[in-house]
Amino acid sequence: MKRPPGQTARTFLKRPRAYAWAAGSVLLLALPFYLDRFWLQAGLFAMAAAIGAIGINLLTGATGQLSMGHAFFLAVGAYGYCVFAGEGDGLTGLGLPTWLAAVLAVLLAGVAGGLFSPIAGRLRGAYLGIATLALIFIGQHVLFNAGDLTGGSNGRAVPPLSVFGLTFDDREAVVAAVPFGSAEKLWYAGLVLLLGCGLFARGVLRGRPGRALNAIRDHRVAAGVLGVPVARYRAGVFVLSSMYAGLAGVLLALVFQRTVPDYFGMTLSLEYLAMIVIGGLGSVAGAVAGAVLVSLLPQLLTRYSEALPLVSAPGTGGIAPGEASRYLYGAAVVAVVLFLPGGLISVAARRPRSTPGEEA
């Protein structure tokens with residue numbers, strides 16, 4: 001049956017998301033040509049945070065497993081990359097090709113998650129949260145005391161990534177009369193990684209594994225009765241979440257260009273929990289939205305602290321930008337729990353009800 005002449009156009013016009021995705025994609029691809037280094041680094045921090053948030057959302061949002069040790073696996077990825085790729089800096093390093101070091105660092109985070117997965121497969125709720133909290137203290141002890149590997153409290157330099165002859169360092173490459181440094185090059189690598197991680201997680205959640213994870217979250221006993229191997233799925237999603245965290249750690253290390261133990265503490269794990277609560281539990285888009293908000297907020301407050309009331313540099317009588325950002329997204333968590341249980345993504349998912357005339 002042939003469609004009326006204007007039906008195809010009207011059908012496309014009813015899909016504003018297609019326009020939004022197209023415009024957003026073009027904007028993200030064009031930003032390195034116009035933004036300075038500060039904004040590019042802020043965007044890269046948001047991309048790394050989004051990758052890590054997608055991982056913990058698979059574990060906590062989709063499966064209902066509380067994890068307080070996400071920062072530990074970010075540290076495994078970041079420092080694992082430095083050890084595999086580092087050489088000639090007075091610290092232990094294997095000198096492997098950097099692309100291979102990045103892959104091995106992600107796998108190392110997965111192995112660390114696999115070693116903990118028997119515990120994750122049998123504990124749930126607050127018990128798992130307390131158990132994973134121990135990983136933070138173990139990780140901090142190792143990072144500060146294994147000086148040959150981590151550089152101690154001073155951290156260690158991060159070798160620049162090199163893939164197919166392209167090195168993501170500050171040596172400029174001119175594209176369309178615009179000099180591209182490390183931030184501009186990493187921007188596109190971060191976009192590719194975030195897109196791949198988002199699509200993979202979306203496929204997991206929409207497929208049979210996602211239905212099994214949701215069944216475990218909603219009613220563990222009923223899921224077991226229906227034939228879902230509860231312990232195996234819990235252990236598997238913990239390993240997958242750890243690998244996402246490891247990849248986020250590698251990207252963060254490349255952006256920071258130096259790893260510091262203080263960064264990978266309990267505060268970072270709490271921030272990741274705030275990201276998925278604010279954005280929306282069990283949603284890939286919600287994890288990205290929450291990660292952007294929580295990661296960009298302290299940087300924006302730091303950038304514009306002089307123009308904001310009560311926010312100032314530490315020791316000057318006002319509230320430090322980092323502290324102010326924690327107050328704000330802490331209030332956001334409370335507001336979301338009370339008034340918007342589905343998170344920020346639930347607002348975008350709401351559709352206005354059509355009138356009887358429109359339905360006809």
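Visitor: Before we start, what does "buried" mean here?
Guide: Buried means under 20% relative accessible area, exposed means over 50%, and partly exposed is in between. One thing to keep in mind as we go: this is a predicted model.

Visitor: OK, so is Ile56 buried or exposed?
Guide: Ile56 is buried, because its relative accessible area is 0%, and the cut-off for buried is under 20%.

Visitor: Which helix is Ile56 in?
Guide: Ile56 belongs to helix α3.

Visitor: Let's switch to pockets. What volume does the largest one have?
Guide: About 1700 Å³ for the largest pocket.

Visitor: How many residues line the largest pocket, and which lie nearest its centre?
Guide: There are 40 lining residues, and nearest the centre you'll find Trp21, Leu194, Val284, Ala285 and Val288.

Visitor: Which helices supply at least two residues of that lining?
Guide: α2 (16–30), α3 (37–62), α8 (182–206), α13 (284–303) and α15 (344–349) each do.

Visitor: And which gives the most?
Guide: That's α8, with eleven residues in the lining of the largest pocket.

Visitor: What's the lining like by class?
Guide: For the largest pocket, 30 of the lining residues are nonpolar, seven are polar and three are charged.

Visitor: What about cavities, how many of 30 Å³ or more?
Guide: The count is one cavity of 30 Å³ or more. The largest cavity has a volume of about 30 Å³.

Visitor: Which residues line the largest cavity?
Guide: Its lining is made up of Arg37, Gln41, Leu44, Ser182, Ala183, Leu186, Leu254, Val255 and Gln257. Helices α3, α8 and α11 (230–256) each supply at least two residues of this lining. By class, the cavity lining has five nonpolar, three polar and one charged.

Visitor: Where does Gln257 lie?
Guide: In the loop between α11 and β6 (258–259). Gln257 counts as partly exposed, because its relative accessibility is 36%.

Visitor: New topic: how many salt bridges does the structure hold?
Guide: Two salt bridges. In one of them, Arg303 pairs with Asp36, and the closest N and O atoms are 3.5 Å apart.

Visitor: What does that pair tie together?
Guide: Arg303 is in helix α13 while Asp36 is in the loop between α2 and α3, so the pair ties together parts that are 267 residues apart in sequence. Arg303 is partly exposed at 39% relative accessible area, and Asp36 is partly exposed too, at 36% relative accessibility.

Visitor: Which side chains meet in the salt bridge at 3.0 Å?
Guide: Those of Arg217 and Asp218, with 3.0 Å from N to O. Arg217 has 35% relative accessibility and counts as partly exposed, whereas Asp218 is exposed, with a relative accessible area of 56%.

Visitor: Now the surface. Which residues form a nonpolar patch there?
Guide: Trp99, Val103 and Leu107 do, and together they have about 290 Å² of accessible area.

Visitor: Where's Leu107, and is it buried or partly exposed?
Guide: Leu107 sits in helix α5 (residues 98–120). With 44% relative accessibility, Leu107 counts as partly exposed.

Visitor: Let's finish with a couple of leucines. Which helix is Leu328 found in?
Guide: Helix α14 (residues 321–339). Leu328 counts as partly exposed at 45% relative accessibility. From Leu328 to Leu297 the C-alpha to C-alpha distance is 8.6 Å, and the two are 31 residues apart in sequence.

Visitor: And where is Leu149?
Guide: Leu149 has its place in helix α7 (residues 147–150). Leu149 is partly exposed, with 38% relative accessible area. Leu149 and Gly93 are 56 residues apart in sequence, yet 7.7 Å apart in space, C-alpha to C-alpha.

How values were computed: Residues are numbered from 1 along each chain as its sequence is written. This is a predicted model: local features need pLDDT of at least 70, side-chain atom pairs count only at pLDDT 80 or more; totals for chains, interfaces and linings use all residues. Side-chain values use heavy atoms; hydrogens and water are left out. On a 1 Å grid over the protein atoms alone, a cavity is a set of points where a 1.4 Å probe fits but cannot get out, and a pocket is an open set with protein on both sides within 12 Å along at least five of seven lines; lining residues have an atom within 4 Å of a point. Grid points are joined across faces, edges and corners, and a volume is the space filled by probe spheres set on the points. Helices (H or I, at least four residues) and strands (E, at least two) are DSSP runs, numbered from the N terminus. Ala, Val, Leu, Ile, Met, Phe, Trp, Tyr, Cys and Pro count as nonpolar, Asp, Glu, Lys and Arg as charged, and the others, Gly among them, as polar. Patches are made of residues with over 30% relative accessible area and no salt bridge: like charges are joined within 9 Å, nonpolar side chains (Val, Leu, Ile, Met, Phe, Trp, Tyr) within 5 Å. Accessible areas come from the Shrake-Rupley method with a 1.4 Å probe; for residues, only the protein chains shown count as cover. A salt bridge is a side-chain nitrogen of Lys or Arg within 4 Å of a carboxyl oxygen of Asp or Glu. Buried means under 20% relative accessible area, exposed over 50%, partly exposed in between (1.4 Å probe, protein chains only).
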